[in-house]
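Here is a short report for a reader meeting this structure for the first time. Take a look at the chain before reading on.

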Amino acid sequence: MNKSGLIAGLVLTIIGMYNIDKIIMPTLDYFGKYVFFAAINIFVFWVLWIFYKKFKGNLKILMPLIWGVVILLMGIKLA
């Protein structure tokens, strides 16, 4: 039950980051863009993992889910 928030948050985050990367990736024309986007994607998933590890109780389920919804809404807004 504790991992349900993490799994749902991961799914929402993946969908949101796909939309964000799909829009922003073609707009940059330099060699380091792949490193930049890898770093951003790793940071987003790291924050999700920290939310899961840091909080206890209901927040352990809700915080990764809320983070996933925020990233998803950002991806929808950009798409």
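**Overall fold**

This is a predicted model. The protein chain holds 3 helices and 0 strands. Along the sequence, the pattern reads α-α-α. The C-alpha trace spans about 45 × 20 × 15 Å along its principal axes. Of the 79 residues in the protein chain, 32% are buried. Contacts also reach across the sequence: among those between residues at least 6 apart, 71% join residues at least 24 apart.

| Helix | Number of residues | First to last C-alpha | Expected at 1.5 Å a residue |
|---|---|---|---|
| Helix 1 (residues 2–24) | 23 residues | 33 Å | 33 Å |

Helix 1 comes close to its expected span.

Which residues of helix 1 are buried? They are Gly5, Leu6, Gly9, Thr13, Gly16, Met17, Asn19, Ile20 and Asp21. These buried residues pack against helix 2 (33–54) and helix 3.

Helix 3 has its own buried set. It includes Lys60, Ile61, Met63 and Pro64. Trp67, Gly68, Ile71, Leu72 and Gly75 of helix 3 are buried too. The cover over the buried residues of helix 3 includes helix 1 and helix 2.

**The surface**

The accessible surface of the protein chain comes to about 5,300 Å². Carbon and sulfur atoms account for 77% of that surface.

Which residues form a nonpolar patch on the surface? Leu59, Leu62, Ile66, Val70 and Met74 do. Together they have about 410 Å² of accessible area. Met74 belongs to helix 3. Its relative accessible area is 43%, so Met74 counts as partly exposed.

The segment after helix 3 (58–78) contains Ala79. Is Ala79 buried or exposed? Ala79 is exposed, because its relative accessible area is 61%, and the cut-off for exposed is over 50%. Ala79 and Met63 are 16 residues apart in sequence. In space they lie 24 Å apart, C-alpha to C-alpha.

**Aromatic rings**

A pair of aromatic rings is described by the distance of the centres and the angle of the planes. How many aromatic pairs does the structure hold? The structure holds 5 aromatic pairs. One of them joins Phe36 and Phe37, and this pair is edge-to-face. Their ring centres are 5.1 Å apart, with 75 degrees between the planes.

Phe36 has 38% relative accessibility, so Phe36 counts as partly exposed. Phe37 has a relative accessible area of 5%, so Phe37 is buried. The cut-off for buried is under 20%.

Phe51 and Phe55 make another aromatic pair, and this one is tilted. The centres of Phe51 and Phe55 are 6.0 Å apart, with 45 degrees between the planes. Phe55 is partly exposed, because its relative accessible area is 22%. Phe51, Phe55 and Trp67 form one aromatic cluster. Trp67 is also among the buried residues of helix 3.

Terms used. Residues numbered from 1 in each chain as written. Predicted model: local features only at pLDDT ≥ 70, side-chain atom pairs only at ≥ 80, totals over all residues. Heavy atoms only, no water. Helix = DSSP H or I, 4+ residues; strand = E, 2+ residues; numbered from the N terminus. Buried < 20%, exposed > 50% of the residue type's maximum accessible area, 1.4 Å probe, protein only. Expected span 1.5 Å × (residues − 1). Contact = heavy atoms within 4.5 Å. Patch = residues over 30% accessible without salt bridge, like charges linked within 9 Å, V, L, I, M, F, W, Y side chains within 5 Å. Areas by Shrake-Rupley, 256 points an atom, 1.4 Å probe, with all protein chains shown as cover. Salt bridge = Lys/Arg side-chain N within 4 Å of Asp/Glu carboxyl O. Phe/Tyr/Trp six-rings, centres within 6.5 Å; stacked < 30°, edge-to-face > 60°.
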